[in-house]
Amino acid sequence: MKRWGLGLCCAACLSLLAPLALGSGSAGPGNSKVNARGAYTVGKALVFRELVCARCPTQRSDFGRDRARALKETLLESLDAGLVDRGGDIQALCVGDAEPAGRCAARIKFVVTYLDRRYRL
């Protein structure tokens, strides 16, 4: 009888602790509510998955502070223009015409946040 009581007590404690372990996670591009730290993380992921890689418009070895500054200016200009021109970096970041403008704008803001903080622009 003592074994059953101890086993039930342990099972109850573990079931209460399980939701606490699920609370940790990382920010991903699909998250709609992202804090400042998460915006940096998402922006970094977008830069190195969509803009700076072996199959991307810019190679990693060519990406430095000057290129980051130029990329930031391009992204902000296209954001101000209403994302009309979707060529080059914008097209790589916003996956073509099927991408909703709101989601594309959010991705641009994440990348700009990353570039500002990483390269101190």
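This is a predicted model: local features need pLDDT of at least 70, side-chain atom pairs count only at pLDDT 80 or more; totals for chains, interfaces and linings use all residues.
A residue counts as buried here if its relative accessible area is under 20%.

Figure 1. Now take the contacts in the chain with a separation of 6 or more: 55% of them come from residues 24 or more positions apart.

**Figure 2. Helix 3 meets helix 5.** Two packed helices are described by the angle between their axes and the distance between the axes. Here, helix 3 (residues 65–80) and helix 5 (residues 101–119) pack at about 150°, and their axes are 10 Å apart. Angles over 145 degrees count as roughly antiparallel, so that is the label for helix 3 relative to helix 5. The crossing of these two helices is left-handed. On the helix 3 side, look for Arg 65, Ala 68, Leu 71, Lys 72, Leu 75, Leu 76, Ser 78 and Leu 79. Facing them from helix 5 are Ala 105, Ile 108, Lys 109, Val 111, Val 112, Leu 115, Asp 116 and Tyr 119. Sorted by class, this contact has 11 nonpolar, 1 polar and 4 charged residues.

**Figure 3. Helix 2 meets helix 5.** How do helix 2 and helix 5 lie relative to each other: roughly parallel or roughly perpendicular? They pack at an angle of about 100°, with axes 7 Å apart, and that makes helix 2 roughly perpendicular to helix 5. Helix 2 brings a list of residues to the contact, among them Ala 36, Tyr 40, Gly 43, Val 47, Phe 48 and Leu 51. From helix 5 come Arg 107, Phe 110, Val 111, Thr 113, Tyr 114, Arg 117 and Arg 118. By class, the contact of helix 2 with helix 5 splits into 11 nonpolar, 2 polar and 5 charged residues.

**Figure 4. Aromatic rings that pair up.** A pair of aromatic rings is described by the distance of the centres and the angle of the planes. Searching the whole structure turns up 4 aromatic pairs. One of them is Phe 48 with Tyr 114, an edge-to-face pair at 6.1 Å centre to centre and 75° between the planes. Phe 48 sits in helix 2 (residues 36–51) and Tyr 114 in helix 5, so this pair ties together parts that are 66 residues apart in sequence. Tyr 114 is buried, with a relative accessible area of 2%. Then there's Phe 63 with Tyr 119: the ring centres are 5.7 Å apart and the planes are at 75°, so this pair is edge-to-face. Phe 63 belongs to the loop between helix 2 and helix 3, while Tyr 119 is in helix 5, so the parts tied together here are 56 residues apart in sequence. Phe 63 is buried at 10% relative accessible area, and Tyr 119 is buried at 11%. Ring pairs link Tyr 40, Phe 48, Phe 63, Tyr 114 and Tyr 119 into a cluster.

**Figure 5. A closer look at Cys 56 in its loop.** Is Cys 56 buried or exposed? It lies in the loop between helix 2 and helix 3, and it is buried, with a relative accessible area of 9%. Leaving aside residues up to four places away in sequence, Cys 56 touches Arg 49, Glu 50 and Leu 51. Asp 89 is 33 residues away from Cys 56 in sequence, and in space the two are 8.9 Å apart, C-alpha to C-alpha.

How values were computed. Residues are numbered from 1 along each chain as its sequence is written. Side-chain values use heavy atoms; hydrogens and water are left out. Axes are lines fitted to C-alpha atoms, for helices over the stretch in contact, and angles run from 0 to 180 degrees between N-to-C directions. Helices (H or I, at least four residues) and strands (E, at least two) are DSSP runs, numbered from the N terminus. Angles under 35 degrees count as roughly parallel, over 145 as roughly antiparallel, 65 to 115 as roughly perpendicular and the rest as oblique. A crossing is left-handed if the near helix is turned anticlockwise from the far one by less than a right angle, and right-handed if clockwise. Contact means heavy atoms within 4.5 Å. Ala, Val, Leu, Ile, Met, Phe, Trp, Tyr, Cys and Pro count as nonpolar, Asp, Glu, Lys and Arg as charged, and the others, Gly among them, as polar. Rings of Phe, Tyr and Trp (its six-membered ring) pair if their centres lie within 6.5 Å; planes under 30 degrees apart count as stacked, over 60 as edge-to-face and the rest as tilted. Buried means under 20% relative accessible area, exposed over 50%, partly exposed in between (1.4 Å probe, protein chains only).
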